[in-house]
Amino acid sequence: MGKPRVIYWFRTDLRLHDSPALKAALDLDPAVLWPVFTWDPHYVYRVKGGVNRWQYLLDCQNDLSESIQKLNSKSKLFVLREAPQTLFPKLFKAWNVTHLVFEKDTDAYAKERDKVVIALAEKAGVQVITRSGRTLWDSDELVAKHGGKPTMSITQLQAAGRKVGQIPRPIPAPTYLPDPGDMPVEFEQDKPDAEPDLNATHRGGNDKTYANIAGPNGDFAIATLQELGFSAEEASTPHRGGETIALKRLQEIFADEEYAATFQKPKTNPAAFEPQSTTLLSPMLHFGALSPRLFYWRAQDLVEKYGKGASTPPESLTGQLLFRDMYFAAQAAIGPPFAQTLNNSYCRFIPWHLPSKAEATDAGSTAVSGSYHVDSPQAERWFRRWKAGATGFPFVDALMRQLRAEGWIHHLGRHAVACFLTRGGCYVHWERGADVFEEWLLDHEPACNAGNWQWLSCTAFYSQYFRCYSPVAFGQKWDRKGEFVRRWVPELRGLDERFIYEPWKASRAALDKAGVRIEGDGLGGGEDGTYPAPMFDFAERRSACMAAMKRAYSIGLYGNDDRVKDGTWKELFEKAGETEMEGLDGGSDDDDDGKHADDAEYRKERGIGAGKHVRSQSAATKEGPMDRFAKKLRT
Ligand SMILES: Cc1cc2nc3c(=O)[nH]c(=O)nc-3n(C[C@H](O)[C@H](O)[C@H](O)COP(=O)(O)OP(=O)(O)OC[C@H]3O[C@@H](n4cnc5c(N)ncnc54)[C@H](O)[C@@H]3O)c2cc1C
């Protein structure tokens, strides 16, 4: 028997460093190795993604391909244009493949797809090797050690992790790669169904993704945005992807030992921009351009060296990565329903406005489809204004505009806009917000997005719905002068700082001086020199939402309840005699100042401060290495 002929299938691991799967492929001592990426139509058409994220993905592919070429000038990342489920059986035969190797993916859709590919490989006599490397621990092993249940808190995650064993240390990048073998593609290409195309609005009608199996020049080149039907001009983010940039950024972050060792997430400033106050490594982790284990061990080793004064989970950098693993393991246990309320036994049922329509999708027969019922024209208007960054609340609008333009906002900014859309303002379904984030985030990660939206809407992971972010006080706490608002809401640039978060309170003279009028709803672009009036009285809406949350909690339905599925939940809520439009007469609500950000449940579980909420206190703003760099430039 000859030496192995190996396809290494790159997917969510666009890197060479710390790749247990790539190491397993090289340990086979292959005669030939093809580094392959193939466009999966599920991600091309059925997952929403704006142009910024497509550009980021292509950045990661280009960088990886260059790194492969540096190791072996005959090789590169070979990109094929066909669904893996139809392509691989043909490649196995045409290229005489003996092994298929890839990194494990625990996303709901990917799991199903990989099952199909593995079965096809076995049928073709091809051996499949997979390794975990996308998370700190193998998510399936965590679930097994947690009794088959989802990890719903950091404490549970840590307990399950201890049973699995130590987080593996990172392994170095390979120093050589074998030559690729011949690559005949004289078989018939199966072209996927492009409909429905959830990205049609971005694509502009010139989609050539599947025009030729080996690309326009037949050389398996990495696609351009144009080939995928997108316009490069639409890519507005300054953030660019790739392993080379990721490793450089990691180096910079850990060069500032005090910043990295004492990092406390709740003390990082959501209004900091250019540079931001956290690492901005999430899109790199999403595309696998950075190994989470390398990141973790850099942080953990530093903390041990730093000693007294170093931060600890959940606020520390290691704690942030634990949150990521917690959501991945929760998703691995729950499967497709994790991304929705319907059929999700861990997700509370709240009768939010704009509920999803359930239809058959690629991700599972009962998964939500992305389309929704407009049960309230007013909630629909509020949702559209939220998405457009035209709510009339400048802090919320600034964040939403930054998100659309750059594809990234700070975690506490995500808290503020998510709370506002759901339980702290609009009472719109968290799945609507998750849809928008899916479209715009560079780091969109199905597990982290759904999990965090559930957290923020108090439907799972977190239940302190009486803590609510004020769109005024929360912004003021971090950025009294409103520099962040001025950056993203230029209509208000000239406004006195007393009114920058509440322009509707400014006198006519103050508005005239700033050259702005408060009018309209901001939809349809708005007129020059205008900024919309706030779309509701926030205090009133907060009370109404809290009353409704209290009612929903007392009724206590979860997404898998038959009454949720058959619609009889309505009778229960009607009998309870309260709708979300009626308010509480107050008293029990509290401004969330983000101080406890993600750790309130953790503190409760550990008996630290018994989960008590604290009224606004000013936390010292933590500077990041980029802050200091920027300061240096200024002096
Ligand atoms: C409503 C909402 C939606 C979100 N959607 C996503 C998403 O789709 N993808 C995503 O990666 N993160 C998501 N997050 C989590 C978090 O906001 C981002 O991971 C973080 O802001 C990324 O910035 P950073 O890399 O500077 O984070 P840092 O603070 O530097 O943290 C380091 C890394 O830890 C991980 N991390 C930090 N916080 C979380 C968290 N709460 N949950 C999971 N991982 C975390 C990220 O991988 C991050 O890169 C969401 C948060 C909210 C509130």
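# Reading a predicted fold

Tutor: Helices (H or I, at least four residues) and strands (E, at least two) are DSSP runs, numbered from the N terminus. Residues are numbered from 1 along each chain as its sequence is written. The model is predicted, so local features need pLDDT of at least 70 and side-chain atom pairs count only at pLDDT 80 or more, while totals for chains, interfaces and linings use all residues.

Student: Is W408 buried or exposed?

Tutor: A residue is buried if 20 or more other C-beta atoms, placed from the backbone, lie within 10 Å of its own, exposed if 12 or fewer, and partly exposed in between. W408 has 23 C-beta neighbours inside 10 Å, so W408 counts as buried.

Student: Which residues does W408 touch?

Tutor: Two residues are in contact if their C-beta atoms, placed from the backbone, lie within 7 Å. Leaving out residues up to four places away in sequence, W408 touches H239, L280, L441, L442 and D443. Sequence distance and spatial distance are separate things: W408 and P283 are 125 residues apart in sequence, but their C-alpha atoms are 8.7 Å apart. In the protein, among contacts between residues at least 6 apart in sequence, 76% join residues at least 24 apart.

Student: Which residue could I look at as an exposed case?

Tutor: Take K163, which is exposed because 12 other C-beta atoms lie within 10 Å. K163 belongs to helix 7 (residues 154-164). Its C-alpha atom and that of A144, 19 residues away along the chain, are separated by 9.8 Å. For the protein as a whole, buried residues make up 50% of the 635 residues.

Student: Where is confidence lowest in the protein, and where is it highest?

Tutor: Read pLDDT, the predictor's confidence in each residue, from 0 to 100. The protein averages 91, and 89% of the residues score at least 70. Confidence is lowest in helix 26 (residues 625-634), with a mean of 38, and highest in strand 1 (residues 5-9), at 99. Over residues 581-589 pLDDT stays under 50, and the model has 17 contacts beyond four places in sequence for that stretch. Over residues 609-635 pLDDT also stays under 50, with 47 such contacts.

Student: What order do the strands of the open sheet have?

Tutor: Strands of a sheet pair through backbone hydrogen bonds, either parallel or antiparallel. Here two strands count as paired if DSSP finds at least two bridges between them. The protein has 26 helices and 11 strands. An open sheet of 5 strands has the order 3-2-1-4-5, with parallel pairing. Strand 3 (78-80) and strand 5 (127-131) are at the edges with a single partner strand each, so one side of each has no neighbour in the sheet.

Student: How many bridges join strand 1 to strand 2?

Tutor: 5 bridges join these parallel strands. Y8 has P35 in strand 2 as its bridge partner, and W9 stands opposite V36 in strand 2. Strand 4 (residues 99-103) and strand 5 also run parallel, joined by 5 bridges. There, F102 has T130 of strand 5 as its bridge partner.

Student: Which residues lie on each side of strand 2?

Tutor: V32, W34, V36 and T38 are on one side of strand 2, with L33, P35 and F37 on the other, and all are buried.

Student: What is the peptide bond from E274 to P275?

Tutor: Omega is the angle to read, and for the bond from E274 to P275 omega is near 10°, which is cis. P275 is in the loop between helix 10 (257-262) and helix 11. The bond from P313 to P314 is also cis, with omega near 5°. P314 is in the loop between helix 12 (292-306) and helix 13.

Student: What is phi of D29?

Tutor: Phi of D29 is near 55°, a positive value in a residue other than glycine. D29 lies in the loop between helix 1 (20-27) and strand 2, and is exposed, with 10 other C-beta atoms within 10 Å. N343 also has a positive phi, near 70°. N343, in the loop between helix 13 and strand 6 (356-358), is buried, with 23 other C-beta atoms within 10 Å.
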